Amino acid sequence: MIHFVLLISRQGKVRLTKWYSPYSQKERTKVIRELGGVILNRGPKLCNFVDWRGFKVVYKRYASLYFCMCIDQDDNELEVLEIIHHYVEILDRYFGSVCELDLIFNFHKAYYILDELLLAGELQESSKKTVARLIAAQDSLVETAKEQASSISNIIAQATK
Amino acid sequence: MGSQGGFYQSKEFLDLVKSIGEARSKAEEDRIVLSEIETLKRRISEPDTPKRKMKEYIIRLVYVEMLGHDASFGYIHAVKMTHDDTLLVKRTGYLAVTLFLNEDHDLIILIVNTIQKDLKSDNYLVVCVALNAVCKLINEETIPAVLPQIVELLAHPKEAVRKKAIMALHRFYQKSPSSVSHLVSNFRKRLCDNDPGVMGATLCPLFDLITNDVNSYKDLVISFVSILKQVAERRLPKAYDYHQMPAPFIQIKLLKILALLGSGDKQASENMYTVVGDIFRKCDSSSNIGNAILYECICCVSSIYPNPKLLESAADAISRFLKSDSHNLKYMGIDALGRLIKISPEIAEQHQLAVIDCLEDPDDTLKRKTFELLYKMTKSTNVEVIVDRMIDYMISINDNHYKTEIASRCVELAEQFAPSNQWFIQTMNKVFEHAGDLVNIKVAHNLMRLIAEGFGEDDNTADSQLRSSAVESYLYILGEPKLPSVFLQVICWVLGEYGTADGKYSASYITGKLCDVAEAYSNDETVKAYAVTALMKIYAFEIAAGRMVDMLPECHSLMEEFLASHSTDLQQRAYELQAVIGLDAHAVESIMPSDASCEDIEVDKALSFLNGYIQESIEKGAQPYIPESERSGMLNISNFRNQDHHEASSHGLRFEAYELPKQTVQARIPPASLASTELVPVPEPVYPRESYQTTTVPSVSSDAASTELKLRLDGVQKKWGRQTHFPSTSTSNSTSQKTVNGITQVDGSNTANSRTRETYDSRKQVEISPEKQKLAASLFGGPSKTEKKSATGHKSSKPSSHMVKSHAPKSSMEVASEKTSPVQQPPDLLDFGEPTVKSTAPSLDPFKDLEGLLEPTTQVSSAVNHSSTAAVTKSPDIMGLYTETPAGAHHKDSDILSGLSNSPMTNMVGGTTTMQVAQTSKSPNLKDSLEKDALVRQMGVTPSSQNPNLFKDLLG
């Protein structure tokens, strides 16, 4: 089971956190600090797994972002590595060559996508197409609102030129 | 699709994110966030905030909380938002509550109602959103409120809903297995769902159910096997392919389930052999996902009833993993080896050098995994090398969690396989010295008990030798500046019990040392208590032996201090010491007999000697004792601290009317049985209150040991003292049949070595250093020797590993001398999934791309190999343009860029083909990111020059 998902930038900034097991706010901060320290300092050629408090944390670096997932001792690390990659590919498809900035400003969308991929700490859907279709369906329902927002952002853009 | 990536938040929010992004210190960031919290607090509670605004505020709250600040003031607004009618707003509300609240939060109860309503919605998207929330928020108490609706949703026409309903039930099962136990048939039915996604999701709850009760699901073996077969034969829709493997995540889940079902069941396993064998054959070991499946196959094969053919395939896969340059694969290989070794122990031998490489790798994760493997393959022949290695590593790390684990493993192995008493004591000393505060207190008691009881045989000289050596080593260790409390307790106890036993050390020397301990660790009361008791024992033995007791001056001052101590326990002990010293030799001998810590002590649990006293008191009008079971109005909480209970009952208020006084007064005996055993154990510094008991218990810990510390000692005793005879299990050396030690063993391990070296070297062409060979011989070469030496004494029968150490490497020395830099030659540890040759088509592989992004220069240089040099010289310029281009120049640049990234395509080498799909969709995306860049600039967010990374494609 996946206990939590963390996205941390190379500078140690948190970009996304999702907790599938109960952690208090205090524990969360501590976990992030602890793991950030461990993972960000690991060399590039070491393996992508870290032992941590009896769990295993699988991480992968994409450009300046670290994607981390905490799993149980008997889970398959290589599989989790691919789940991370699967998620990144879906993000990439959705945002169109996704970059860290997309996730900074649209972190809620990254959450929605994650919710279609993982549920209750397990992979619920392994088909990219299905995830994309569901997200698209949700987006189409809010199309009108989006247009509205889009025009607002144009106004802002005009104003700040 | 790039249009979906636009930014639709207000300028305010963008500014917030931007300023946080540019904050130079944590303090600055905190200041910004705190002022944001103030703003949000004010705005969010304003009446008539438009929904759209409100939605943004909630998202900003999520952001604030993500950065580790408290946003609890806004939780209620997020809860309110879930009530909204429009999906857009509702979805945001649900997202926020699932992120904010844990399942035990008070606000959950306010959401349950909304969830119930939403689960009934006509719009399947609303139902989906509600189901997502169910998985996170519904707790054991609220399960019944939504359960019936969720069961209904299992038949929903939309597969997304069915899938999420299954996952919700899975979550319920984890939280409260009984709540869904009647729904097992539904899970079975969903296994045959038309939609592969729903089927895949159903495997999650089934895996849990099968883990808990294998036997009820044996009938499903055939179904699982046939599903797996169909998946492997690509019968599922193309959409489930991942990197050209057919539905790998489903395959892995199925293999996990089969491993459970086939474990120890020959019949069930036979059904699986064909399909698992097929998957072994079909798996593409050049891609990461292929290796993930291979690994799962190995796990499955090592769990089900063994099949020689499959074991062979598994061994092949393992050796491929171990020979790989990727650390990830080595790690998986070591793990898999640990699994397979249980079934075919001989497999370890051919990988010994690879294992040692991993053991000496700078990567901690890999090292730990290897220690786990060594732990699994420890025998009495290699225990010394392994435990020594473990202890060295234990000393070198700071991670307390792991330190505890490895310390307890050392202790476990030492107890099970110790070749000699000396070694055992030394090992335990090291463990205690470096991880004493982390090991279980029982381990310490165990050690004391072992020293006290000796090792089972009637060999008293060996026992006393052991004790003397323990005393000696402890006196030496006491010179160390800082020792863990637990270790000091052991030291004090042993010194008290055996410090003067062999006559080597005088009483004043030992007592001096004990006083030093008590002074040096003056804030550790437990240690002080141990020290005082040890002092008392030493003096008692002296008195009993008829010698004059001459208390050291420092001991006197210590006693004075303890007599006035705040700790009643210390006071008690000090007074006892005083009392003992004043007694004559005969009395002292009977209360503190020498070396009697193992003698059984007769405890009169009924305390019959008190009968007269009780009778007397009752006649004077005292209340008779009522046993707890007969007392009314008292909760039967527990019998822990029986005495306190008793006091409580006599002082507490009574709620019933007083009974009529009875005529016949019966003398009851207080049930002190529990109290008497409970007062004795060592760990608690509580000392008996009644002086009767203190006198009947001469040595505190011996009794403790006999009452509660029944650890794995039985096994230990059997192994101890006598050298265990190991029949030769290895087929590698037929030469080692001679009975004499030394030379033969060296032969044996050398043949094993050279043989394996051939296979190992033929591929790697690396010379192996003599140290490594030595280690390999002592780790793996051991089991082949036959040990017929009579156990004359522990020292003389040291296992051969030492001999091997000194002789074995000689043969390899010549080889190694040719090259002096053999061991640490760093191989190209590229990421897995990459071609082994570094220069092949780097930009085709997303993984590689990422590495390139870290250091743009390396990417460029690797690109040289493929694209024309002209393109390369340009590329740095393009990089520069990329961050600074005005919007107008997009097209030209992106063309060049895409040209650059396209050119290596022709050089594609086998093994990277899997990435082709991802790559082809990549090149036009550069345009997207440039547009994005421009858009962000329009929005007023200028990327700071420090962090251009933000714009880099995650996938390259």
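**Figure 1. Exposure of B:Ile109 in the predicted model.** B:Ile109 has a relative accessible area of 57%. The residue counts as exposed because this value lies over the 50% cut-off. B:Ile109 is found in helix α6 of chain B, which covers residues 108–119.

**Figure 2. A nonpolar surface patch that includes B:Ile109.** B:Ile76, B:Ile109 and B:Leu110 make this patch. Its area is about 260 Å². Of these residues, B:Ile109 has been shown above as exposed, at 57% relative accessible area.

**Figure 3. Buried residues of helix α8 in chain B.** Helix α8 of chain B spans residues 143–153. Its buried residues are B:Ile143, B:Val146, B:Leu147, B:Gln149, B:Ile150 and B:Leu153. An α-helix has 3.6 residues a turn, so residues three or four places apart point the same way.

**Figure 4. Packing around helix α8 of chain B.**

**Figure 5. Fold and surface of chain A.** Chain A contains six helices and seven strands. Starting at the N terminus, their order is β-β-α-β-β-β-α-α-α-β-β-α-α. Chain A has 161 residues, and 70% of them count as buried. The chain exposes about 5000 Å², of which carbon and sulfur atoms supply 54%. Of the contacts in chain A between residues at least 6 apart in sequence, 44% join residues at least 24 apart.

Definitions and conventions
Residues numbered from 1 in each chain as written. Chains lettered and ligands numbered in written order. Predicted model: local features only at pLDDT ≥ 70, side-chain atom pairs only at ≥ 80, totals over all residues. Heavy atoms only, no water. Helix = DSSP H or I, 4+ residues; strand = E, 2+ residues; numbered from the N terminus. Buried < 20%, exposed > 50% of the residue type's maximum accessible area, 1.4 Å probe, protein only. Contact = heavy atoms within 4.5 Å. Areas by Shrake-Rupley, 256 points an atom, 1.4 Å probe, with all protein chains shown as cover. Patch = residues over 30% accessible without salt bridge, like charges linked within 9 Å, V, L, I, M, F, W, Y side chains within 5 Å. Salt bridge = Lys/Arg side-chain N within 4 Å of Asp/Glu carboxyl O.
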